Amino acid sequence: MTEPASADALKRFSRKHIPWLYYVRQPLFLLCSLAFIILYAFLLPSKEDTSAFFFYLNLYSFLTLLLGWTVVILGDSDKSELVKMGVAFFLIFMLGALFYRFSGADWGRLAHFFFNFPIMKGSWHVLFRGLRTTLILSVCSFFSCIFVGLLIAIIRDFNYKSINLLITVYVDVFRSIPVIVLMVVLFFTFPFFGIYLNSYLTTFTALTLSYGAYTAETFRAGMETVSSGQIEAARSLGLSRWKTLQKVTIPQAIPIVIPVLTGNMIAMTKDTAIASIVATPELLKSARELYTAKTSPTPLICAAIIFLAVLLPMVRLVNHMETRVNKSGPHY
């Protein structure tokens, strides 16, 4: 029997040779090339040992090999995520090592000036007291924003035109005003009207007004993801508009908006740092006072490390929740 014409066409256009990239992606080749890259890194000459031309030629050749090796692995769909993560960290390490070796920076002086941690002895409690103030302000403002945002989203859902106009003005205005400007206005302008807010209340009010507008839009977007068919079915069963919100719309919207709300809390925690402009004794203000007292920026570096230790797990939590929400799919 003769093969069909489609089979002949398939043979004509099929590969007769294994592509060269197949050999490049083999573990043995990758390990040998990795050993060569590491050896090349140790043999790289310094600026003093050779001319500028050969120095930059060697440096650019090494970077080309390093980036090409990492691209081959990171672009290989057959490689596991663990291997790709290890390669990514290796790339970062090698680039950092090159910068450390050839940047010409005075690393000893830099470390003494910015990372002189012994001068912090007996002063860490000042930073942790500021961290406590930061966390209290951010947590209280966060729950206040949830209350304000959810209330506005519910009122807007009832679709009263006059009230919705006021809500739209509030949301647009406070999403447009920087938080630092809002703090200054509240702290320095309100006393002329006989209203005196201390630094804590000023920070709390400014964060609530500003992020409450963002939270209202977040809840509105989450509630709009609920299909109109479910809402119409609930109304046809005799549920009032409030009961429909309570039993159908809000329970389905909350899982969708949780990652966004957590992201807002992270941003809010960082924005408490600008509260030092109204003399709120939060973490950054405490670090600045230590910076002035010790004439060293090390306290500011310590404050940055504390922010990282607190917020980095929250960032990973947000990414994890977003992944779970995306996997769960739309709510119908």
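# Helix packing and nonpolar cores in a predicted model

Met183 touches Thr202, Thr203, Ala206, Leu207, Asp271, Ile274, Ala275 and Val278, with residues up to four places away in sequence not counted; contact here means heavy atoms within 4.5 Å. The model is predicted, and local features need pLDDT of at least 70, side-chain atom pairs count only at pLDDT 80 or more, while totals for chains, interfaces and linings use all residues. Residues are numbered from 1 along each chain as its sequence is written, and side-chain values use heavy atoms, with hydrogens and water left out.

Met183 is also one of the residues with the most contacts inside the largest nonpolar core, together with Leu127 and Leu283; this core has 45 residues. A nonpolar core is a set of buried Ala, Val, Leu, Ile, Met, Phe, Trp, Tyr and Cys residues joined through side-chain atoms within 4.5 Å. Buried means under 20% relative accessible area, exposed means over 50%, and partly exposed lies in between, with a 1.4 Å probe and protein chains only. The elements that give two or more residues to the core are α7, α8, α9 (179-189), α10 (199-224), α12 (241-271), α13 (283-294) and α14 (298-328). Helices (H or I, at least four residues) and strands (E, at least two) are DSSP runs, numbered from the N terminus. Helix α7 supplies the largest share of the core, 9 residues. A second, separate core has 19 residues, including Ile37, Leu66, Trp69 and Leu91.

Leu66 and Trp69 are also among the buried residues of α4, along with Phe55, Leu59, Phe62, Thr70, Val72 and Ile73. Helix α4 covers residues 52-74, and at 1.5 Å a residue its 23 residues should span 33 Å; the end C-alpha atoms are 32 Å apart, which agrees. The expected span is 1.5 Å times one less than the number of residues.

Next come the neighbours of α7. Helix α7 (residues 124-157) packs against helix α8 (residues 161-176) at an angle of about 145°, and their axes are 10 Å apart. Axes are lines fitted to C-alpha atoms, for helices over the stretch in contact, and angles run from 0 to 180 degrees between N-to-C directions. The crossing of α7 past α8 is left-handed; a crossing is left-handed if the near helix is turned anticlockwise from the far one by less than a right angle, and right-handed if clockwise. On the α7 side the contact is made by Val148, Ile152, Ile155 and Arg156, and on the α8 side by Ile163, Asn164, Ile167, Thr168, Tyr170 and Val171. These residues divide into 7 nonpolar, 2 polar and 1 charged. In this division Ala, Val, Leu, Ile, Met, Phe, Trp, Tyr, Cys and Pro count as nonpolar, Asp, Glu, Lys and Arg as charged, and the others, Gly among them, as polar.

The loop between α7 and α8 holds Asn159. Asn159 is exposed, with a relative accessible area of 54%, and its phi is near 60°, a positive value in a residue other than glycine.

Helix α7 also packs with α12, at an angle of about 145° and with axes 10 Å apart, but here the crossing is right-handed. From α7, Thr134, Ser138, Val139, Ser141, Phe142, Cys145, Leu150, Ile154 and Asp157 meet Arg241, Trp242, Leu245, Ile250, Leu261, Met265, Met268 and Thr269 of α12. The contact consists of 11 nonpolar, 4 polar and 2 charged residues.

Leu150 is partly exposed, with a relative accessible area of 23%. Beyond its neighbours within four places in sequence, Leu150 is in contact with Phe219 and Ile250. Leu150 and Thr218 are 68 residues apart in sequence and 9.0 Å apart in space, C-alpha to C-alpha. Phe128, also placed in α7, is partly exposed at 45% relative accessibility. Between Phe128 and Ile306 there are 178 residues in sequence and 8.7 Å in space, C-alpha to C-alpha.

Two serines complete the tour. Ser286, in helix α13, is buried at 7% relative accessible area and touches Val126, Leu127, Gly130 and Pro281, not counting residues up to four places away in sequence. Ser199, in helix α10, is buried at 11%; leaving aside neighbours within four places in sequence, Ser199 is in contact with Phe187, Val278, Ala279, Thr280 and Pro281. Ala279 lies in the loop between α12 and α13, is partly exposed at 44% relative accessible area, and has a positive phi of about 65° although it is not a glycine.
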